[in-house]
Amino acid sequence: MPSVNSPVSNAIVQVRGVSKTYAGGFQALKNVHLDIRRGEIFALLGPNGAGKTTLISVICGMVNASEGQVTADGFDTVRDYRQARATIGLVPQELHTDSFETVWATVNFSRGLFGKAPNTAYIEKILKDLSLWDKKDNKIMTLSGGMKRRVLIAKALSHEPKILFLDEPSAGVDVELRHDMWRLVRELRDAGTTIILTTHYIEEAEDMADRIGVIRNGELIVVEEKNTLMRQLGQKQLDLALQHPMTAVPASLAPWALSLSTDGQTLTYRFDAQKEDTGIAELLAALSGEGIHFKDLRSSESSLEDIFVSLVHDKKETV
C-alpha cells in the first residue's frame, strides 16, 4: 500500500500532528503529518470539504491549529510568524483584489508588505510571464475573472517566496491562462521554488506533480511519489471485442471476474500489471476452449483520476 506520514529528507515544510476543530465542533483536520520536499511540486487532492484549504491555511499561518506544529523553511508558523510567512506565497481560491488599484500598484504594494526593496525589473518579469504587462496600468475592477486570477498569482510571487501555494488555481479560468500558469509553475520549480497545489483537474496533477497527497474527512490517507502511486495502485485492463455478441459470461470464466458490456460485444478483464502472472494467457486459452472468439483487443492503464476515485471510495467503505 502507499505510504502515509513518512518523513522525507530536505523538507522545507514540516507538519507534525496537526488537528483543527472549529468552535461549532467540526473537526476539519485530524492528526496530519506531512513533509514537503524543497523544490518539488506537491499536489494535494481530495473531495470538496476534505480539509485541503484548511490545511493550507494552517501552514500559511492564517488559521491556528488546535493541536500540532508547522514549520516553513525552519520557521515555526506561530512563534516565528513573520519569518515563516515571508517564505510563503499564496494564491487563494477567492478573487480578493484591490478593485480601485492598478495592476502595477497592487503587485508592488504586495512586495512592500513583506519588507522587500523595490525591484521594477522583477515585477515587470512577473507581469510579462503572466501576460499582464499590457494591463499594468488598468484598474483591477476593469479586468476579467481570468485576468484577476493572474493578478493574484503575481501578488503571491511579488516577494520572491521559496514556497508557493496554489489553492484551486485553475478554477474558473480559461485554457490560455491555465497553460500560462503551468508553464510558469514549471519554471519556478526548475528555479528552486517549492510548489504545493490543490486542484480539481486531476489530469494536471498527473502531468505536473512529483508527489501526490490524498486527503479525506480531514485525514491524510495517502502520500506517495506520483509514479510509485500509479505503479502500486494502477491497474491495466484488457478489452476484447467479440466476433459474436454474448448474453452472459460463462460460469467457467468466473475466476477472471470478467465484465460484459451492455451490448454484449466487449469483454473486459482487469489485472495487476506488476504481477508476474497476469492471467491473460490462461484467460485466452479458456476463451478458446469455450469457443469464444474475438476480433480485436486493446489494453489501457488506470489514470490518476481512476486511482483517486478508488482511494476515496475505499476510504468511504472503511469509515
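1. Helix 5 (residues 145-157) is largely enclosed by the rest of the structure, because eleven of its 13 residues are buried; buried means under 20% relative accessible area, exposed over 50%, and partly exposed in between, with a 1.4 Å probe and protein chains only. Among the buried residues are Met147, Val151, Leu152, Ile153 and Leu157, and Arg149, Arg150 and Lys155 are on the list too. These buried residues pack against strand 6 (88-91), helix 3 (103-113), helix 4 (120-129), strand 7 (163-167) and helix 6 (175-190). Helices (H or I, at least four residues) and strands (E, at least two) are DSSP runs, numbered from the N terminus.

2. A word on the source: this is a predicted model, in which local features need pLDDT of at least 70, side-chain atom pairs count only at pLDDT 80 or more, and totals for chains, interfaces and linings use all residues. Residues are numbered from 1 along each chain as its sequence is written, and side-chain values use heavy atoms, with hydrogens and water left out.

3. The length of helix 5 also checks out: at 1.5 Å a residue its 13 residues should span 18 Å, and the end C-alpha atoms lie 19 Å apart, which agrees. The expected span is 1.5 Å times one less than the number of residues.

4. Do have a look at Glu40, in the loop between strand 2 (27-37) and strand 3 (41-45). Glu40 is buried, with a relative accessible area of 4%. Its side chain makes a polar contact of 2.7 Å with that of Arg211; such a contact is a pair of N or O atoms within 3.5 Å, where within protein one must be able to donate a hydrogen and the other to accept it, and residues adjacent in sequence count only if both atoms are side-chain atoms. Leaving aside neighbours within four places in sequence, Glu40 is in contact (heavy atoms within 4.5 Å) with residues including Arg189, Thr193, Ile195 and Asp210.

5. Strand 9 (residues 211-216) and strand 10 run antiparallel, joined by six bridges; two strands pair if DSSP finds at least two bridges between them. Ile215 stands opposite Leu220 in strand 10. The hairpin has two residues between the strands, and Asn217 takes a positive phi near 50°. Strand 10 (residues 219-225) has five of its seven residues buried, so this strand is largely enclosed by the rest of the structure.

6. Lastly, the whole chain: there are ten helices and 14 strands, and buried residues make up 45% of the 319 residues.
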